[in-house]
Amino acid sequence: MTDQEVQGWYFTRFEERVPAEPVPASAARDFVFQALAVLAGTLGVRYLAWRWTVLNPDAVAFSIVVAAAETLAFAGAALFFLSLWRTEDPPARPAPATVNEIRDVPLPADRPLRVDVLITTYGEPVELVRLSVRDALKLTYPHPITLRVHVLDDGRRPAVQAMAREEGAAYLTRATNLGYKAGNLANGLEQTDGDLVVVCDADTRPFPRLLEDTLGHFRDPRVAWVQTPQWFYDVDPGTRLPDWLAARAGRAGRALGRCAEALVGPVAVGADPLGCDPQAFYDVVQRCRNWCNAAFCCGAGSIHRREAVMEAALKGFAARISAETAPFTARVPDPALRADLAAALTAQAARRIELTPFKFHVSEDIYTSLTIHADADRRWRSVYHPRVLTRMLSPQDLTAWSIQRFKYACGTLDIAWRDNPLRLRGLSPWQKLMYGATIYAYLAPLWTVPLLLAPLAYFFAGVTPVRSFDITFFAHFVPFLVATRLAVLVRAWSVPTWRSEQFHLSAFWLHLRALAHVVARRHIHFVVTPKIAPGRRSLALVSPHLVLLAATAVGIAYRASLVSSDAPEAVSAAFVSNVFWSLHNALCFAPFIAAAFTVRRRMGAEGVAS
Amino acid sequence: MLEARFEEIRGALVVTPLVRRLDAEAAPRLRQTVGPLAAGRSLVVISLAHVDAVDCSGLAALVTVLKRLAPGGELRLAAANGSVRALLAATHLDELFPVFPEVAGALPSACDDTGTALAT
């Protein structure tokens, strides 16, 4: 790649960026986290046990709603801490030289490995896909290997076909767009024959070592897939706190910044203004799922054993056929007649039902992972490889971010609705806990919405959810809060989490809509996450937040006019507590709202991004 | 092009793949070669007499072939060895693909049993 060729893209200036190495796993840090998590859990139980005894007798229903919301939130935190219990990285194993080194049953004639790189595209700019194809063709391997790069174009574009030919990649397309990305991948799998398959989005650019570093994991014949972290190399890294303070307060500022970083780990000001950096998810959440075989596949940047994907597909296919035919055959008492009917119905159902190597579902990746993990006959394993080995582009504005999050939320809730992991017998208790924690997190509006609205009830109606905000309240609540924050800080050491927490809280409205959507059993439309944004303002996405903030401001003014300066201590404590909580919420919303007002950079030179 | 023998026997298409393995490597060719010939037929018999092993990709290719048969059509397997039967059982597809010890048993019973070779 010459400088000439990547010029004109907004991300050109990030071309030379290298991903940070993951913080080494440490048993000591695990232990400190576990101790803090147990402390936080104990203090939380103590707080809640007390909390339910001090419901406000003047507003019983309101008190119960808020106490219930706090209890649900605590359950979420407890699940989250349990899901982060241990960090255990997979041992590095040498890259296999031949196919028999990764097979359970060896082939009679051994041969070099065959790997297919499948790059799915639909409407992305041709030149953007070209960058991905080129990088895929540069993959290195220490042994002879058959590497084929395939562009799977659901857009059926002659320009993409020409580009694939120029670069030396294969071009595959199909007559329909059935199943969208999952269908596109299924078609790619049908037309290729590699032992292993690398799944890439149109903008996924592998680093040369992707195969070298990961294929060793497949020496264990039970390993079905390896997921590597998704790294958005175009996310604004922000300014490190010492530098930021130095620019404002000189040497004293720098010293202060250094002290702060020594206490809480690296801090970057203004980083990731769109809240899309998935580092916390990969470096913390996924990494902590490795030890109990619950790391799930996230699509781009994953490598799959073809046989595992196909076996899961066939089993899923058979299960759906039998689910369709069983209600009819069960009613036939005569065994011979039943067998005949079953055969006829089975053949009929098999025509209609699609054989889908990746589930035709909005959250195809997590759903496929769940199915493979839950296969009790095989005990497939998944590996989360902690080093970044691909780079990709981040969603470019709040609209793109929201589409993606809405898709994740609906998809995950829909899985819980259809195939509740808690009821899948093939999963171990820890796997159930891990999948359960993911699903539970999407129920957040059940507690965030009441907790966001509670201050308004106080400002306008003067009701409080506890008898009084006195010293006993703070003595119960503050230690729990501090222990929780410390536990998060230790677990996510050097990985920023604040931005994702802000955006998670701000997503209350989006998550509430997703919940309503799934409960109403409405069809979930598949929307391709736009990677290349035209630059849009997205006021509608933040109008609930603006309304809430405006109401809070009016409420504070109104209540302030009623609370006189010589009010009893309990009254002013309630006022101050509610103002403090409202300010916390406003602070969380601020970057989210700012993101909606920001029109992001464009793709680049018009000639390139046509 | 999949190396295979194709015969027309009593209205049924009998396909005898001349490969040792119906696996990921053979699957795309199986789809391309057998799919069009099987389209619209009511009975296709795949003889696995020469096949030692089938994997999930091979089985998936057979599903694709089955989907092209006429409504009510059947795809039968003949001369499948123990490992193939085990795979069918493990994937719960034994009901979809009836297995017969030999080709003759998989064909409809009729007095006319002269086969016609189509292609090799």
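Chain A comprises 20 helices and 11 strands, where helices (H or I, at least four residues) and strands (E, at least two) are DSSP runs numbered from the N terminus. The model is a predicted one, in which local features need pLDDT of at least 70, side-chain atom pairs count only at pLDDT 80 or more, and totals for chains, interfaces and linings use all residues. Residues are numbered from 1 along each chain as its sequence is written, while chains are lettered from A and ligands numbered from 1 in the order in which they are written.

The C-alpha atoms of chain A occupy a box of roughly 90 × 75 × 45 Å along the principal axes. Of the 610 residues in chain A, 42% are buried. A residue is termed buried if 20 or more other C-beta atoms lie within 10 Å of its own, exposed if 12 or fewer, and partly exposed in between, with C-beta atoms placed from the backbone. Among contacts in chain A with a separation of 6 or more, 83% link residues 24 or more positions apart; a contact requires C-beta atoms, placed from the backbone, within 7 Å.

Chain A is divided into domain 1 (27-86 + 438-597), domain 2 (90-235 + 276-394) and domain 3 (239-269), with bounds from an automatic or database domain assignment. The C-alpha centres of domain 1 and domain 2 of chain A are 38 Å apart. Their contact involves 16 residues from domain 1 of chain A and 14 residues from domain 2 of chain A. The side of domain 1 that touches domain 2 has 9 nonpolar, 3 polar and 4 charged residues; Ala, Val, Leu, Ile, Met, Phe, Trp, Tyr, Cys and Pro count as nonpolar, Asp, Glu, Lys and Arg as charged, and the others, Gly among them, as polar.

Between the chains, 21 residues of chain B are in contact with 21 residues of chain A. On the chain B side, the elements giving two or more residues are α1 (27-38) and α2 (56-68) of chain B, and α2(B) gives the most, with 7 residues. This side of chain B has 11 nonpolar, 4 polar and 6 charged residues.

The largest nonpolar core has 125 residues, and those with the most contacts inside it are I119(A), V44(B) and A60(B). Such a core is a set of buried Ala, Val, Leu, Ile, Met, Phe, Trp, Tyr and Cys residues joined through C-beta atoms within 7 Å. Helix α10 (residues 306-329) of chain A gives the most to this core, with 9 residues. Apart from this core lies another, of 37 residues, including C276(A) and V542(A).

Strand β9 (residues 302-305) of chain A is covered on both faces, with S302(A) and H304(A) buried on one side and I303(A) and R305(A) buried on the other. Strand β4 (residues 196-200) of chain A runs antiparallel to β9(A) and is joined to β9(A) by 4 bridges, with V198(A) opposite I303(A). Strand β6 (residues 223-227) of chain A also pairs with β9(A) in the antiparallel sense, over 3 bridges, and W225(A) has H304(A) as its bridge partner. Pairing requires that DSSP find at least two bridges between two strands.

Terms used:
Contact = placed C-beta atoms within 7 Å.
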